[in-house]
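I opened my notebook to look up some helices and a few single residues. Here is what I wrote down.

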Amino acid sequence: MDQTKFTLEEKEMPTSWYNILPDLPQPLPAVLHPGTGKSVTPDDLAPLFPMELIMQEFSPERYIEIPEELQAIYRTWRPTVLQRAYRLEKTLDTPAKIFFKYEGSSPAGSHKPNTAIAQAYYNKKEGIKRLTTETGAGQWGSALSLACMFFGLELKVYMVKVSYNQKPYRRIMMETWGATCVPSPSPDTKAGRDVLAENPESPGSLGLAISEAVEDAVGRDDSHYSLGSVLNHVLLHQTIIGLETKLQFEKAGLYPDIVVGCVGGGSNFGGMAIPFAKDKIDGTHKDLKIIAAEPESCPTMTKGLYAYDFGDVACMTPLMKMFTLGHNFMPPPVHAGGLRYHGMAPLNCHLLKLGLIEARAVPQMATFEAGVTFARSEGFISAPETNHAIRAGIDEALKCRETGEGKTILIAHSGHGHFDMAAYDAYLSNKLEDYQYPEDLVKKALDSLPQTPDQS
Ligand SMILES: *Cc1c(COP(=O)(O)O)cnc(C)c1O
């Protein structure tokens with residue numbers, strides 16, 4: 001019998017997250033305070049985040065225990081399945097073995113609850129009553145709504161107004177779990193009111209929604225802010241994906257030759273890649289290839305500058321050393337909304353700089369072609385973001401067809417595409433377009449990088 005699903009018992013679920021900071025061959029560059037240019041201190045971050053998350057951000061511990069109360073909620077849908085894509089292999093006529101680790105089975109439909117639940121938990125433990133956040137297409141907002149529901153926290157989500165109007169279902173999901181969701185710009189914050197005064201019809205942007213959520217949280221003692229990607233502690237929580245996958249491969253008696261994932265802020269990719277990168281660092285699997293796939297129209301890792309930049313358009317965040325297209329850069333409106341980000345998790349950037357991972361940009365049309373091929377062989381309809389990973393995985397499998405090599409390819413499958421059918425409709429009715437890499441816009445945005453002493 002050809003085994004298709006490689007499952008773990010609940011009792012086999014990892015009980016710690018893996019922190020790569022102590023294993024890095026060179027230390028991660030410091031995060032800087034934009035005012036002083038000095039390294040940020042835990043106290044600088046305390047108005048926004050609970051101390052346990054701040055400590056995780058800088059932790060020297062290799063493994064950080066997952067509290068039992070959190071494990072209990074993870075068990076609602078974890079461990080997730082690792083699956084062999086036999087029919088996709090057949091469709092591609094490749095000798096490669098293709099596997100995918102499926103995070104679409106969480107209640108919110110993506111990997112995002114892995115960190116949302118942890119963030120809600122630590123905030124609750126610190127006595128916080130209410131969280132604020134921003135959301136673009138609604139994936140992060142819905143994941144955090146789910147998490148706040150589990151821990152009895154209030155949540156206010158500032159959702160970019162265009163998406164709020166165009167994609168009502170994610171909003172309804174958030175409301176079903178008990179969160180409040182308002183379109184951004186909103187009259188509830190100064191940042192929102194300023195924009196509305198100038199242009200009442202403003203469609204909003206992710207940067208503005210972040211400014212509103214941060215202003216709201218800083219202005220109230222009972223509230224904190226929550227971020228769904230980019231930061232070390234977010235990637236830490238997501239390592240449960242890679243840790244489970246390694247156990248599943250071990251049980252299958254295999255180890256991947258190639259790992260691919262899609263990158264927006266970098267959390268699902270980091271969650272899968274980081275536990276595998278450990279094996280490259282310690283020399284047990286030096287030859288493993290790890291590939292980050294990003295949109296050609298927002299090519300942060302393949303075309304960006306490695307420099308200190310803000311995480312948001314409003315310049316409110318600390319400065320992070322990362323590959324960036326410039327915090328002012330507004331990416332073209334590709335359907336993979338979760339990948340439209342000017343920066344990238346500093347940890348992933350550091351791994352790229354060290355040569356432990358590589359990056360690849362893929363055009364939108366090719367990602368939907370891959371997603372439809374996947375749906376027509378494996379059945380699962382994937383998020384437009386995930387289709388970038390599937391594209392890279394398929395391309396590697398096609399290379400194996402040329403060379404005759406039976407490599408083992410692992411696709412990090414970040415979520416289902418059930419709320420993205422309009423995007424599939426556009427592709428299937430030939431209305432989808434590719435966007436050129438907006439070189440001029442990036443050049444302009446990179447001209448406005450902040451001045452810091454270490455901009456080399
Ligand atoms: C949000 C999202 C992404 C991109 O975010 P990362 O932090 O880069 O993982 C990718 N896939 C899905 C399904 C998402 O919801």
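**Entry 1: helix α12**

I kept in mind that this is a predicted model. I began with helix α12, residues 267-281. I counted 15 residues, and the helix reaches 20 Å from its first C-alpha to its last. That is close to the 21 Å expected at 1.5 Å a residue.

Where does the kink in α12 lie? I found it at I274, shortly before the proline P275. The kink is about 35°.

Next I checked the cover. α12 is mostly covered, with 13 of its 15 residues buried. Just after α12 I noted G283, which takes a positive phi of about 85°.

**Entry 2: helices α9 and α10**

I turned to a helix pair. Two packed helices are described by the angle between their axes and the distance between the axes. I looked up both values for α9 (residues 190-198) and α10 (residues 206-218). They pack at an angle of about 140°, and their axes are 8 Å apart. Angles over 145 degrees would count as roughly antiparallel, so α9 is oblique to α10.

Which residues make the contact? From α9 I listed K190, A191, G192 and V195. From α10 I listed L208, S211, E212 and E215. I sorted the residues of this contact into three nonpolar, two polar and three charged.

**Entry 3: α10 by itself**

I checked the length of α10. Its 13 residues should span 18 Å at 1.5 Å a residue. The end C-alpha atoms are 18 Å apart, which agrees.

α10 is mostly covered too: ten of its 13 residues are buried. I wrote down the buried ones: G207, L208, A209, I210, S211, E212, A213, V214, D216 and A217. L208, S211 and E212 are on this buried list, and they also belong to the contact with α9.

What covers the buried residues of α10? The cover includes α9 and the strands β6 (130-135), β7 (154-160), β8 (180-184) and β9 (223-225).

**Entry 4: L146**

I moved on to single residues. L146 is found in helix α6, residues 139-151. Is L146 buried or exposed? Its relative accessible area is 2%. Buried means under 20%, so L146 is buried.

I then looked for its contacts. Not counting residues up to four places away in sequence, L146 touches P107, A108, P113 and W177. I also checked the distance to E175, which is 29 residues apart from L146 along the chain. Their C-alpha atoms are separated by 9.8 Å.

**Entry 5: H327**

I found H327 in the loop between β13 (319-324) and α14 (346-353). H327 is buried, with a relative accessible area of 5%.

Which residues is H327 in contact with? I left aside its neighbours within four places in sequence. The list is D309, F310, D312, V313, C315, H342, S448 and P450. I looked at D309 again: H327 and D309 are 18 residues apart in sequence. In space they are 6.8 Å apart, C-alpha to C-alpha.

**Entry 6: G415**

G415 is buried, with a relative accessible area of 1%.

How values were computed. Residues are numbered from 1 along each chain as its sequence is written. This is a predicted model: local features need pLDDT of at least 70, side-chain atom pairs count only at pLDDT 80 or more; totals for chains, interfaces and linings use all residues. Side-chain values use heavy atoms; hydrogens and water are left out. Helices (H or I, at least four residues) and strands (E, at least two) are DSSP runs, numbered from the N terminus. The expected span of a helix is 1.5 Å times one less than its number of residues. The bend at a residue is the angle between axes fitted to the seven residues ending there and the seven starting there. Buried means under 20% relative accessible area, exposed over 50%, partly exposed in between (1.4 Å probe, protein chains only). Axes are lines fitted to C-alpha atoms, for helices over the stretch in contact, and angles run from 0 to 180 degrees between N-to-C directions. Angles under 35 degrees count as roughly parallel, over 145 as roughly antiparallel, 65 to 115 as roughly perpendicular and the rest as oblique. Contact means heavy atoms within 4.5 Å. Ala, Val, Leu, Ile, Met, Phe, Trp, Tyr, Cys and Pro count as nonpolar, Asp, Glu, Lys and Arg as charged, and the others, Gly among them, as polar.
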